[in-house]
Amino acid sequence: MFQFDNSYARLPDRFFASVYPEPVEGPKLLRFNQKLAAELGVEADLSDPDRLAAVLSGNVVPQGASPLAMAYAGHQFGNFVPQLGDGRAILIGEVMDRAGQRRDIQWKGAGPTPFSRRGDGRAALGPVIREYVVSEAMHALGIPATRALAAVSTGELVQREQEQQGAVFVRVAASHVRVGTFQFFAARGDTEGVRTLANYVIERHYPDLMGAQNPYLALLQAVADRQAELIARWLGVGFIHGVMNTDNMTISGETIDFGPCAFLDEYNPMKVFSSIDRQGRYAYRNQPGIGQWNIARLAEALVPLIDADEEKAVEAANAVLKAFGDTFQAHWIEVFRAKLGLVTARDGDGDLVQGLLSAMEENEADFTRTFRALCNAAEGHDDDLLACFADTAKLREWLPKWNERLAEEGRSPADVATEMRGVNPWLIARNHRIEEAIAAANYGDFSFFEKLVEALEKPFEERPEFADYAFSPTAEQKVARTFCGT
Ligand code: AMP
Ligand code: MG
C-alpha cells in the first residue's frame, strides 16, 4: 500500500523509540482522503474498507513500515518539560510523494509509547474530527498545514472528563520535527544530537542551505522566516492556534496540532478560545510575539553549532531574533494589502488596514464576512459590508480613504473584486459548525462531518448549497470555549 523510505528510523537510537501500535477492538473507516492518497502515491483498495480500516487504525502494520515514537521536549505555556515525545502518535513511515517530497505518515491515537507518561495513548473522536476538518480547511486556504489522510473509529471508549468514543487519525506532515525536538537534545547537553538533527532537517527541508557559509545560522533564519510568514497568514484568516508550545511548532513551517484551535467569528484581537489558556498567552494578537519567543528557544538550542565562540554565536542568533518582528510585519502587511485589493506598497497602508480593523473591533464585526463583503464594496456594492457593522460611522469615514487608495492603483473594480475573492474566503471552519459535526458524530451521524469537509474544500467559491456555513453563529450557536480533549 505504501512505498516506504524511512529516513528518521535510520537516525541514532536515542532519537526515537521503536514501538508498535496497540490493536483496537473494532476499527471502522470514517473518512479517507483519496486525493491526498493519490498525491502521496498511496495505493488503497477502496473496495475493501475493512482492510483499509485495519491498516489505518494500526491493527495491521503495513509492509515496509518502521513504526516509531519520536523523542522531543518543549516549553508548554512557558514552562520547560525536558521530555515529552510522541505519547500517542506513532510514525508509520515516510513516503516520497508524486512531487518528490518526503512526507511522514503517522497514526495519532494508536496506543501507548514510552513517552505516554500518564496518558492512555489514545485519541477521542471529537478532537480527531476537529483536526481533520481544520487541517484540511487550512490547506484549502493555501496555508501550510499537516494533512488528514484518514479518520478511523476504534469501537472503543476512552476516558476523558467524560467517556468518549475513540478514534485514530492518520496525519501527513512534511516532517514531525519540532522546535522541541532540538530542545530535547540541547537540554541533555547532547550537542552531537543537535548537530545530527540540524543536518537532517537541512537536507530534508532546507537543502539550499547545505552550501551556506554557516548552515546552522542560516537554518535558524530560514525557520524564523517561515514561521513569521505562517503566523501572518494565520492572522489573515482569523486563525488562533491556541497552543503554540514549542513542541507544537514545526521546523518545516507547517501548522501542526489542532487541539483547541479556532477561527475568529467577530473580530477581537484579544480573543482566546482555549479553556486551558487562562492568561491569554496564545490570544490572536499575541501569536507573532509567541512565534518569536519560540524561535528564541530554537536559537538557544542551536547556539553551540553556530559558532565555537559562544559570545559570537549568541550575537548572531540575536540578530536573527531581532529581525523577526520586521519580517513578520512585512508578511502581515502583504497579507492585508491583498485582502484590501491592493497590489502596490505605499506608506500609510498599515494605518489604512488598522483603520478598518479598529472599526471592526468596535463593532464586533465578523472577520470573514467583513472582508468578503469588502470584495463587493470594491465594485461599489456597500450593502453587505455596512450590514456587518452595528454602527457604520467609522466605516463610512474609512471607505473614502480606501476607495481613494484603490483609485490610485487604477485597476478595474471588477478585476480588483475578483482578486479579492481569491484571498478573502467565503467560508472558514467556524467553531459552531465543527462542534455540530462532532456532536452528530458522537451519535453516529457523520453526515455533518462529511458536508463540512466538502464545504471547506473550496473556501473561496460561493456555492449556494453551503450558504449556511458562511453565516456567523447566532447567540445560541456561539462557542465560547474549545477543549484540547486529549
Ligand atoms: P499535545 O497537547 O497534543 O500537543 O500533547 C502534548 C504532549 O502530551 C505530547 O507529548 C503528547 O504525546 C502527550 N499526550 C497528549 N495526549 C496524550 C494521551 N492521550 N496519551 C499519551 N500522551 C499524550
Ligand atoms: Mg503536540
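Mentor: Helices (H or I, at least four residues) and strands (E, at least two) are DSSP runs, numbered from the N terminus. Arg117 sits in the loop between strand S7 (102-108) and strand S8 (123-124). This is a predicted model, in which local features need pLDDT of at least 70 and side-chain atom pairs count only at pLDDT 80 or more, while totals for chains, interfaces and linings use all residues. Residues are numbered from 1 along each chain as its sequence is written, chains are lettered from A and ligands numbered from 1 in the order in which they are written, and side-chain values use heavy atoms, with hydrogens and water left out.

Trainee: Why is Arg117 called exposed?

Mentor: Buried means under 20% relative accessible area, exposed over 50%, and partly exposed in between (1.4 Å probe, protein chains only). Arg117 has 57% relative accessibility, so it counts as exposed. Its phi is positive, about 50°, although Arg117 is not a glycine.

Trainee: What class does Phe77 fall into, and what value puts it there?

Mentor: Phe77 has 26% relative accessibility and therefore counts as partly exposed. Phe77 lies in the loop between strand S4 (74-76) and strand S5 (79-81). Its phi is near 50°, again a positive value in a residue other than glycine.

Trainee: Which residues are the closest to ligand 1, and how many surround it?

Mentor: A residue is near a molecule or strand if one of its heavy atoms lies within 4 Å of it. For ligand 1 there are 18 such residues, the closest being Gly85, Gly87, Arg117, Asp120 and Gly121.

Trainee: What makes the pair between Arg117 and ligand 1 a polar contact?

Mentor: A polar contact is a pair of N or O atoms within 3.5 Å; within protein, one must be able to donate a hydrogen and the other to accept it, and residues adjacent in sequence count only if both atoms are side-chain atoms. A polar side-chain atom of Arg117 is 3.0 Å from an oxygen atom of ligand 1, so the pair meets the cut-off. Arg122 meets it through a backbone N or O atom, 3.3 Å from a nitrogen atom of ligand 1.

Trainee: How do you know which residues coordinate the magnesium ion (ligand 2)?

Mentor: Donors are N, O and S atoms within 2.8 Å of the metal (3.2 Å for Na, K and Ca); water is not among the atoms, so sites may look incomplete. Asn248 (OD1) and Asp257 (OD) coordinate the ion at 2.1 Å, so both are donors. Asn248 is buried because its relative accessibility is 11%, and Asp257 is buried at 16%.

Trainee: What makes Asp190 buried, and where does it lie?

Mentor: Its relative accessibility is 16%, so Asp190 counts as buried. Asp190 is in the loop between helix H4 (179-187) and helix H5 (191-205). A polar atom of its side chain lies 2.7 Å from the backbone nitrogen of Gly193. Contact means heavy atoms within 4.5 Å. On that basis Asp190 is in contact with Arg14 and Phe185, leaving aside neighbours within four places in sequence.

Trainee: What is meant by the largest nonpolar core, and which residues touch the most other members?

Mentor: A nonpolar core is a set of buried Ala, Val, Leu, Ile, Met, Phe, Trp, Tyr and Cys residues joined through side-chain atoms within 4.5 Å. The largest one has 159 residues, and Tyr8, Ile105, Leu149, Phe182, Phe336, Leu340 and Trp402 touch the most other members. Helix H6 (residues 215-236) gives the most to this core, twelve residues. Beyond four places in sequence, Leu149 touches residues including Phe2, Phe32, Ile105, Tyr132 and Val172.

Trainee: Which residues of helix H2 are buried, and what do they pack against?

Mentor: In H2 (residues 49-57), Leu52, Ala53, Ala54, Val55, Leu56 and Ser57 are buried. The buried residues of H2 pack against strand S2 (28-32), S7, strand S9 (147-159) and strand S10 (163-173). Just after H2, Gly58 has a positive phi of about 95°.

Trainee: How many disulfides does the structure hold?

Mentor: A disulfide is a pair of cysteine sulfur atoms within 2.5 Å. The structure holds zero. Cys375 is in none, as its nearest cysteine sulfur, that of Cys388, is 11 Å away. Cys375 is buried because its relative accessible area is 0%, and Cys388 is buried at 16%.
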